[in-house]
Amino acid sequence: MIITVTDACGGMGKSILAGRLAASRALAGRKVLLLDADPRRGALECCATRPKLVARAISAKGLQPELEHLINCYHDIVIDSEGRDSMGSRSALIAARVAILPFDAARADPAAQARLIERIGRARLFNPGLRVLVVCEQTAPEERIRAGIFTAQIPAAVLTSLEQLYGAVFR
């Protein structure tokens, strides 16, 4: 399964989430590859000390052909995609079975969110089965409401907590 983790504007914990998700799957006995397609390479940094996890950097141009090669070699491929609209982030969304979007109400930028929603819509033209999970770690009611409003703007997206994420992705 290919899972893409992306966000609207950076600073939402995307790379940490991608690394933790990949590591948890590897610890569960799955053969997992973490592809860091974000030029900042945050996922590689947070996974450097996890020996059971195979992680490597990849460029936007190399993502699609590499995925075609690797899909049969791993149970799960987790892609840490950059948050901005780029060839790599589009390719990652088109290839994914599940897109995970971390949401942080304190860092929410409506213009960036609108661009992400548009990017997901374009990806679904090529990948109509793309599942979208919005992950909100905040527990304050007003922050959950803002996350719910964002989630409602993405057709068929589901708002989930970090605790619920692992079960929701791999069902």
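This report walks through the sheet, the nonpolar cores and the salt bridges of the structure above.

The model is predicted, so local features need pLDDT of at least 70 and side-chain atom pairs count only at pLDDT 80 or more, while totals for chains, interfaces and linings use all residues. Residues are numbered from 1 along each chain as its sequence is written, and side-chain values use heavy atoms, with hydrogens and water left out.

## The sheet

Let's start with the strands. Helices (H or I, at least four residues) and strands (E, at least two) are DSSP runs, numbered from the N terminus. Two strands pair if DSSP finds at least two bridges between them. Here 7 strands form an open sheet with parallel pairing, in the order β3-β2-β4-β1-β5-β6-β7. At its edges lie β3 (54-57) and β7 (158-160), each pairing on one side only. From one strand to the next, the twist averages 20°.

Within the sheet, β5 and β6 pair in the parallel sense over 6 bridges. Valine 98 stands opposite arginine 131 in β6. Helix α6 packs on the sheet and touches β5, β6 and β7; contact means heavy atoms within 4.5 Å. The direction of α6 makes about 155° with that of β7, where axes are lines fitted to C-alpha atoms, for helices over the stretch in contact, and angles run from 0 to 180 degrees between N-to-C directions.

## The nonpolar cores

A nonpolar core is a set of buried Ala, Val, Leu, Ile, Met, Phe, Trp, Tyr and Cys residues joined through side-chain atoms within 4.5 Å. Buried means under 20% relative accessible area, exposed over 50%, and partly exposed in between (1.4 Å probe, protein chains only).

The largest nonpolar core has 33 residues, and Ile77, Ile79 and Ile154 have the most contacts inside it. Elements that each supply at least two residues of this core include β2 (32-36), β4 (76-80), α5 (110-126) and α6 (141-152). Helix α5 gives the most, with 5 residues. Leaving aside residues up to four places away in sequence, isoleucine 154 touches Leu101, Ile117, Ile120, Arg124, Val132 and Val134. A second, separate core of 20 residues includes Met1, Ala18, Ala43 and Leu133.

Helix α4 has the buried residues Gly88, Ser89, Ser91, Ala92 and Leu93, and these pack against β1 (2-5), α3, β4, β5 and α5.

## Salt bridges

A salt bridge is a side-chain nitrogen of Lys or Arg within 4 Å of a carboxyl oxygen of Asp or Glu. The whole structure has 11 salt bridges, and the table shows some of them.

| Salt bridge | N to O distance |
|---|---|
| Aspartate 38 and lysine 14 | 2.8 Å |
| Arginine 25 and aspartate 76 | 3.5 Å |
| Aspartate 76 and arginine 30 | 2.9 Å |

Lysine 14 lies in helix α1 (residues 14-27) and aspartate 38 in the loop between β2 and α2 (42-46), so their pair ties together parts that are 24 residues apart in sequence. Both aspartate 38 and lysine 14 are buried.

Arginine 25 lies in helix α1 and aspartate 76 in strand β4, so this pair ties together parts that are 51 residues apart in sequence. Arginine 25 is buried, and aspartate 76 is buried with a relative accessible area of 0%. Arginine 30, in the loop between α1 and β2, also pairs with aspartate 76, so parts 46 residues apart in sequence are tied together. At 31% relative accessibility, arginine 30 counts as partly exposed. Elsewhere, salt bridges that share partners join Asp85, Arg90, Glu118, Arg119 and Arg122 into one network.
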